[in-house]
Amino acid sequence: MSEENSESPRQSMVKTPGGRAFWLTDPDRGLVLPLTGIWILALDWLLFSSNVLSAGLATPVVVALGFFLGGAGTLVLQKWIAGDSFWKASSKALVAGVVVGVPWPLFGTVLGGWILLAAGLNKPTREASKK
């Protein structure tokens with residue numbers, strides 16, 4: 001395999017402007033990656049909507065799991081994809097963990113939605129329609 005073809009299709013899609021997934025991982029889109037916003041939103045909806053099935057009895061477990069998964073996922077995304085320093089990514093992870101860990105899904109929905117809106121959720125469709 002030549003050096004110019006050594007990247008997998010997934011890597012080139014993420015790194016190349018105009019790629020389908022590029023806008024999700026573009027660090028220039030705001031303070032936090034849009035993919036991190038989707039992570040927070042998805043965890044919030046998944047964890048606390050499933051908590052309804054247990055009539056709230058699983059709340060302590062769901063809160064701890066939400067804090068851990070929200071923080072760990074944000075740390076990984078911000079550190080390795082966005083290229084933030086460890087401490088900067090850790091502070092974002094702490095905020096995300098607290099927001100996802102709060103037992104009311106409204107906080108994660110608002111934060112995740114705000115991240116996506118701040119990143120310009122509708123920008124890819126406008127860019128695609130110009131081509």
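**View 1. Lys88 is partly exposed, with a relative accessible area of 44%.** Partly exposed lies between buried (under 20% relative accessible area) and exposed (over 50%), with a 1.4 Å probe and protein chains only. The model is predicted, so local features need pLDDT of at least 70 and side-chain atom pairs count only at pLDDT 80 or more, whereas totals for chains, interfaces and linings use all residues. Residues are numbered from 1 along each chain as its sequence is written, and side-chain values use heavy atoms, with hydrogens and water left out. Lys88 belongs to helix H4 (residues 86-101); helices are DSSP runs (H or I, at least four residues) numbered from the N terminus. Gln78 is 10 residues from Lys88 in sequence, and their C-alpha atoms are 8.5 Å apart.

**View 2. Lys92 and Asp84 form a salt bridge.** In this pair, the closest N and O atoms are 2.8 Å apart. A salt bridge is a side-chain nitrogen of Lys or Arg within 4 Å of a carboxyl oxygen of Asp or Glu. The structure holds 1 salt bridge. Lys92 and Asp84 are both buried.

**View 3. Helix H2 (residues 34-50) packs with helix H5 (residues 105-118).** The angle is about 160° and the axes are 8 Å apart, the axes being lines fitted to C-alpha atoms over the stretch in contact and angles running from 0 to 180 degrees between N-to-C directions. H2 and H5 are therefore roughly antiparallel, a term for angles over 145 degrees. Residues in the contact (heavy atoms within 4.5 Å) include Trp45 and Phe48 of H2 and Phe107 and Leu111 of H5.

How values were computed: Helices (H or I, at least four residues) and strands (E, at least two) are DSSP runs, numbered from the N terminus. Angles under 35 degrees count as roughly parallel, over 145 as roughly antiparallel, 65 to 115 as roughly perpendicular and the rest as oblique.
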